[in-house]
Structures are given as structure tokens and as C-alpha cells.
Amino acid sequence: MILTILLTCLPAGDGPLDKSFQAREAEHLWNRAGFGALPEQIEASVTVGREETVRRLLSIPADEQPFFVERFLDVPREQYKERSEAERNRMNNAARERERKQLQDYTGWWVERMQTADSPLRERMVLFWHGYFTSSVEEVRRANMLIRQNQFFRENALGNFRTILKGMLRDPALLTYLDNDANRKGRPNENLARELMELFTLGLGNYTEKDVKEVARALTGRTVDGQGDYAFDKGAHDDGAKEILGQKGKFNGDDVARILLEQPACSRHVARRLLRWFESVEPAEARVEAYAQVLRDGDWELQPFLARLLNDPAFYSEDVVGARVLSPIEYMVGISRRTGQRVPSPLVASASSMLGMRLFSPPNVKGWEEGTAWITTSTLMQRGNIAGMLLGAVRVDDVFVTSDADMQEMSEGGAAMAPAKKDPPKGAAGAAFTAMKRVVDAGWSPTLNFSARMTRQGSKTDAQIVDAMLSDLLACEAPQDTRERMLSYLAGERVMLGLRDGEFLKGGAPAERVLRRMAHLILSLPEAQLG
Amino acid sequence: MQHHFSIDRRGLLIASFGALGSLALSRAARAQGAEAPPAHPHRDPGLNLVLVQLSGGNDGLSMVVPWADDAYNKARTSTRIGAGEVLKLDDYRGLHPELKGLRSAWDAGALAIVEGCSYPKPNRSHFQSYEIWHTASMRGRDAGDGWIGRLCAETWPTGAVPELVVHVGANAPYSLHSTRHPAVILQNPNAYKWISDEAPDRSLYRDSGGKERPADSDALRRLRGILDDATASSLRVRKAVLEHSTKAGYAEDDFSQSLRVAGALLGKRTGTRVVSVELGGFDTHTNQRTAHDARMRILDAGLKALRQDLAESGADKHTVVLVFSEFGRRVQENGSRGTDHGVAAPMLVLGAPVSGGLHGKHPSLTQLSDGDLAMTTDFRSVYAALAEGCFGASGSRVLGAQYPQLGLLKA
């Protein structure tokens, strides 16, 4: 009996002496269950061990004050009707502008949470659900609906999938995004029904075209009222008999949720999506089934699923560690989390938009495509430029317009070119440019001090400095050839400053400048896009 | 290393031609296989291809309108384009009223309309259907590279500039996915660069790729390859766009601006042979008419500007534009003034090398398949015609099967 208790208290192979949970594993856990961590956080996790770190990540309560949401379009209809057309237009435009501003503020607040919240796993799961039950501002238009949807994700991020699914089938933003507000008896609109089964619950091949039509009928009447709240329009609901996935009855939306959750395909679909999100490699079928079973056994609770996954040795395997191509948000929030330098959230949000991930505006109902699709010839270079901007090594203007230096580079080996017109960028890039410029013009500048950091860590020689810089800035270990190139780069710059190996940090401001350039280079590397 | 050397040499070649003020490289010099003869010798007709993807499922019946068909007029109420407003092509069909530029291309014999395009066992999922269109295979991504990727592997087994295939926009379609010739992808040409004022930093950055270096993982190897392609093409692409001048009035929207880049790359003979662009917003489940009208206006304005631009640079004689979407929409409206996902729809093929007019067969509006227009032309016949007519590639090798000849391009 006593022996049993002892064994329970000190599970073999875990705890402070666990050899299978060292800095590499701890950093991986923080990368995937959060957005990366400072070296001291990683050290602390190694000390308390894997199970305790996972337990803490799962149980940290949300530490924020909720964001207050206003509904700007609430002009009483009677009052609105009496106004002239010009006045109505003015009211509408003003409301739209307030809505736009509110969503921008909320986005900033959310990015701030990602950078600083004590509960990074919750923030990461909010991001997951945002890309899962997608709704875009382009179609939804009303900020308060999108913000309330996000607040719902926030409350339920680590909760229960059944609750989330049922909530989404009453969510004003999703119902608007997928046109269910237009899904009426006798005039069904299939948009929500199809995506519900294809993307949210079952996956292709697990339902028929007939099921799409029948589910659409069952969902009729679920709509949004003038205040932007969920409403059930009884008159628009088709209460006739339906046949869905082999079951017959006068089904409504709640029945649809029940029937879908009963399908084994549903638990497999959700398990697969979660495994992909955390591991970034395609899971084997047996593993999907094992984790689907965890969802079923736990009555759709997410905590047991996540606890098992984050403690699973396979999660720490060679194939998984470092295999994730960081999304733009992960890349930038990661820089902030790993260096401890908070970056103004509007800068993070606008840079992320430029790199293909505009929060609240996923490209389509499937959400953002994860993985290698994030990195293109263009976004790879742009990520480096943005990192350079955060480090004070790149000017925001140069990112978007053709500079004099560019002109000179382009003229090399050929005829001189006419001076470039310095047109500000247009379209989506233009919006990002304006937002970034506003932050920089407001006086923001980087506060990182790499020399102090290196001194604190006791790094002196070229090799020590390169190792510390690579380890602090990258999410996983750098390849040997990269380390060698960085070493010869630093040695070259040190010699230029007339310093001996071991004395580099005595170089003052010029040395600090070299370290910032080196950080810019490191964050521009292909390696820096992985985690 | 030989691979890198040949790219650099090619870059030099282009630069020196530019310096001489030569307006055009000879077609032979442009042919990418010139440096390293392809394993299967073929005659490359040297045409360029511009892919225009209308994302979301374009309502074909609102683009090429069967205005005289009773079934059309009965099924469509809020989205109907009446005989009074349609741009009539004949006594049955006409173009959407906003497609005035395409209408003049039609009059000039430079617009081919391929009717009733789809594939067997149509899939109404946006994503699955796009995978089929992008890979030309019912297996979608499981089949491997995209069809343009396979086309390039077939046509240029070795030696081609990275900017051989370019996507202008945020997300490249899977059709360009290629293990051998990954596409250059850019949004804003001015921003297509890595910035540093310091020479040693630029040099270290350029040296940070290296697809031949041993890498710990496939992901890293792939990213290093992308860095190689980026550093090799950055300057050439920006230079081409900056130096290109045109009187064509491109609009300010992202779609027109992406075609402007296409016009520059093709006009400047950068070695680019395929350019891909995207226009979204076609998933019109509600209040379709206004939204779709606006899409047609943007589409027509962009294509009109591109046509003029290519005519100015002379690239019009060597360029074919293909307009397609993942599926058409249901014949019957859905009751919220919109349409749900359907099946067959027309593809447009545009350009001087095109044999203008109607191709394929218009699907019946009364003999529907599950409420949808049935396929009369497999879209892969169009791909086959373009693979052969533009690049001299074997359609059956690229697509893995033989498809009926369409006679889309002039002999």
C-alpha cells in the first residue's frame, strides 16, 4: 500500500531527475503549447519536470480583464427611418468607422495577450479555434459579432468540444459568415450545412450530398437579429421530417449537433486537427484513433486530450521537434517571448497581415493553410525585414519602397536607371505599411541590449556569443554549418573593430550594433522559421 | 553547383541584353531548355501562360449568359441578366454586361469560350474541387505535384530561372506546387527583397540557403531552397517591374496590380513563362447580383489593361490567358438571391495565339444532373491543349491520360 502511494507520488522516469525532459524537450513544449519562452523559463520547467509543467500550462487561469464590446449599429429603427438619406449614410459611415476601430483595438489587445499572458496555452487554443470555426470580417462586417465569437473561444478554449460546437451553431458571426441568416424553410441555403460537415465535424467522405441538403433544412431558422444577437425564427424553420446520416426525425439544429457528435468520424476529425496543430506532422491513423478515443471517453473534454498529448513521448520525437513552420503570428510573438522585448501589438498585427495572416480575416472557410505554405520566396525575405525592423536594423520605409540603395544595386553592371518613384504601396500591403509607420513615427524603438544579455549569461568568446545568440533567438537547435558561418561572420566583424577573441563585448556601442545585425541575420534564416 | 552557375550566367545574359538596349531576347534564348537540352527533345512554341483563378465558384451562367434559354429565365430571377443588358455573342448566349473588354477580344477573334467544363464525379467542396483542378487528378494532392509543377518538370528537367513560374498574390494555388521548380511568389514587387545596408550581411544572407547542404530535416532543406530562389530572383524581378513602362490603365485594386506585374515580367522577357493570379469573392450564396457584377467589372478591367500592356510590349503574340474557377453554381437560385455550389461552367482562353470562338458544347439547362449543369468538356482537355500548344509538352505525359483535342490554339 505504502509502496503504491510512493510510486504514485514519484512516477518512474519523471520529475526533476527525468532525463527525457531536458532543455530541448522543455523548449519544444513551450514552443508548441505557447509561443516560445525565455531561457530562464525553460530552465525552470526542466527543474519541475514535464508532468508538472504540463499541469501548470493546463491550469493557469485566464489572467486578463475581459475586453468591453460595444454595439455601434444600435440605432433604433424608428429613429433611423425618420432621418434623411444623407444623414443615414453619415450615421452608417460613422458606425462602420467605430466598428473598424473597435476590431483593431481588440486585435491589438489579443496580440498583447499572446505576447504577455501567463496562460499561453489558452492563447494558442484561441488562435486554433479562430482558424477552425472561421469567420471573416470581410463577410461578417460587424466587429462586435467577431469579438464576441473570440470571447467565446477564450472562455471555452480548453473546455469541451460539444459546448464549442453547440455555441458555434448559435454564433452570430458564424451564422452570418456562412449565410445561415438566409437559410429559410422552402429556400434552404446549404453553405453552413456543407462546411459544418466537411470542415467542422466529419471530413469529406463521411456524408452524402443528400445529408448536406437535409442538414441545411434542419438548420433553417437559426439567424441573427437586428442587434446582432442569435435568434431562432420559428416561421423560417422547416420542422418537417428529415433523414440525416441514417437517422430519421423532425430534426432541428441541436439534433444535428447530437447526430454529428455521435459519428466516430467526428472524434477522429477533431483529434486529427488537434494533433496536426500541436505536432505539425501528419498523424498515423492508429494515433488519430487512439486520441479520438480519448475525446469520446472524456465526453469531448479537451483537458484530458491535451494532458495526454503533451506528456506523450511521441510528441517529443525527432520527427516532431522543429518540424513546425511558424505562422506569422507565431514567428513574431515568438521573437517577443524569446527575447522578453514586448513589441507594440499593432506592429505585430500589421506585420502578420503583410505576411499572409490577417487576424479576423482568414482567406476562406478552411482557415489559414498551415505549414510550408507560409513560406514563399517573398514572405521569407519579408520576415527577415520585419525582424530587422524590430531590431532597429531596417527602416520601415525601405521595406516597401524602392530605396536609393536598391536603385544603385539594380544599376550595377548596367546603364544607370532613372530615379524610382517613391510610391507608397497599394492594397493590403499599403494598409500594413500605414499601420507600421504609425507605430514607428509615434516614437517606438527597440530596447534590446544584446551586450548586456551576453554579459549576464557569461558569454565572452566568439563561440560562446554565437551559441548564446543562436540558442536565445531560435526555437530549436541550429545546424552545425549555420553555426560555423555565424562564427566566421562574428570573427570578421570583431577584427574590423580591432578586438581580440574574448574581448568583443568591450567594444561598446559598435559591438552592440554588430550583435543586432547578427540577430537580424539569425531571424532571417530558414532555421528561424521552424519551431 | 553547376545549377547555380547556369542561373548566374543566365542572369548575366539578361543583364547584358538589357544594357545593350535590346528590346527582346530571341525566342530561342528565352526558351529555358536552351542551356541544358531536355531529356525528351521537343519543340517549345515559346508561349507564356497567365492563369487567372476566380476563387469561390464563379457562376458561369452569369458570365456567359444563355439569355435566350427559357429554362435560364425561369430558374434565375434575382440573378437574371436579361436580353436587354447582356452583350450578345449569338442568338443564344452573351457576355455579362461588365465584360466589355472581353467582348472586344471576342470581336477580334482572341477569346475562346470553352463550355460546360468540369470533371467526372464532381465534388462540391471548394477545397477538394480545387485540388482536382490544381492537380488534374481525382486524387488531389495525394497525386503529388500540381499540374503546372508537372508541366515544368516535363518541359525543363534541368536549368531554368527560379522565376520561370511566378504567382503574384498572397497564396499560390496548389497547381504551381513543384518539387523541382517551386514558384516565385510575391505580392508587392517593391518589397520583394531582403534589406541590409551592410555588404557582409548581404553576403552571409545569400549564403544561408544551399539546397545541396546536408540538412537535418526536409522542412529545412525546402526552406533553404526557397531562400536560394528568393536571392537569385529578387533583383531581376524588381528590375523588370521598375523598368517596365506601359500606358495601360491598370486600376488600383490588388487584382489589376497583380496583372501589372504579370505584364512587366512577360513584357521584359525575364524568363518567366507562367504567371498566376487570383480574384476572390465568387462564393455568392446571398445577394449574388451586386457582388458578382462587381467581380466581373474588376476581372474585365484587369484583363483589358493586361491585353493592352502585352500589345505594347509585343508579348501579346506569345501569351495565352486562362480564366477558370473550381465549379459553377446551381441552375436554380437558392432563395436568398444567391446560388449554391454547382458543377459545370465555361473556361475562358484569351490571347492572340488563341483560336477564338466557341469550343465544347453548351450543357443543357433542362437535362440537369442532380440540379446541376452536367459536364460536356473535361477541363483537362483545355490543360492538354495548353501544355502542347504553349510549351510543346506531351499532354498525356503531364496529365497522365489522353484527353480529346480541342483545337484551342491557332496552328
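This is a predicted model: local features need pLDDT of at least 70, side-chain atom pairs count only at pLDDT 80 or more; totals for chains, interfaces and linings use all residues.
**View 1. The contact between chain A and chain B.** Chain A contributes 63 residues to the contact, and chain B contributes 60 residues. On the side of chain A that touches chain B, the elements giving two or more residues are helix 12 (191-201), helix 20 (377-390), helix 21 (396-400), helix 22 (404-411), helix 23 (427-441), helix 26 (480-496) and helix 27 (508-524) of chain A. Helix 20 of chain A provides the largest share of this side, eight residues. Sorted by class, the side of chain A that touches chain B holds 27 nonpolar, 20 polar and 16 charged residues.

**View 2. An open sheet of three strands in chain B.** The strands of this sheet in chain B follow the order 2-4-3, and their pairing is antiparallel. Strand 2 (64-65) and strand 3 (87-88) of chain B are the edge strands, each pairing on one side only. Two bridges link strand 3 of chain B to strand 4 (residues 94-95) of chain B in the antiparallel sense. Opposite B:Leu87 stands B:Leu95, which lies in strand 4 of chain B. Strands of a sheet pair through backbone hydrogen bonds, either parallel or antiparallel.

View 3. Helix 13 (residues 209-218) of chain A is largely enclosed by the rest of the structure, because seven of its ten residues are buried. The buried residues of helix 13 of chain A are A:Asp211, A:Val212, A:Glu214, A:Val215, A:Ala216, A:Arg217 and A:Ala218. Among the elements that cover these buried residues are helix 12, strand 3 (242-244) and helix 14 (253-262) of chain A.

Definitions and conventions
Residues are numbered from 1 along each chain as its sequence is written. Chains are lettered from A and ligands numbered from 1 in the order in which they are written. Two residues are in contact if their C-beta atoms, placed from the backbone, lie within 7 Å. Helices (H or I, at least four residues) and strands (E, at least two) are DSSP runs, numbered from the N terminus. Ala, Val, Leu, Ile, Met, Phe, Trp, Tyr, Cys and Pro count as nonpolar, Asp, Glu, Lys and Arg as charged, and the others, Gly among them, as polar. Two strands pair if DSSP finds at least two bridges between them. A residue is buried if 20 or more other C-beta atoms lie within 10 Å of its own, exposed if 12 or fewer, and partly exposed in between; C-beta atoms are placed from the backbone.
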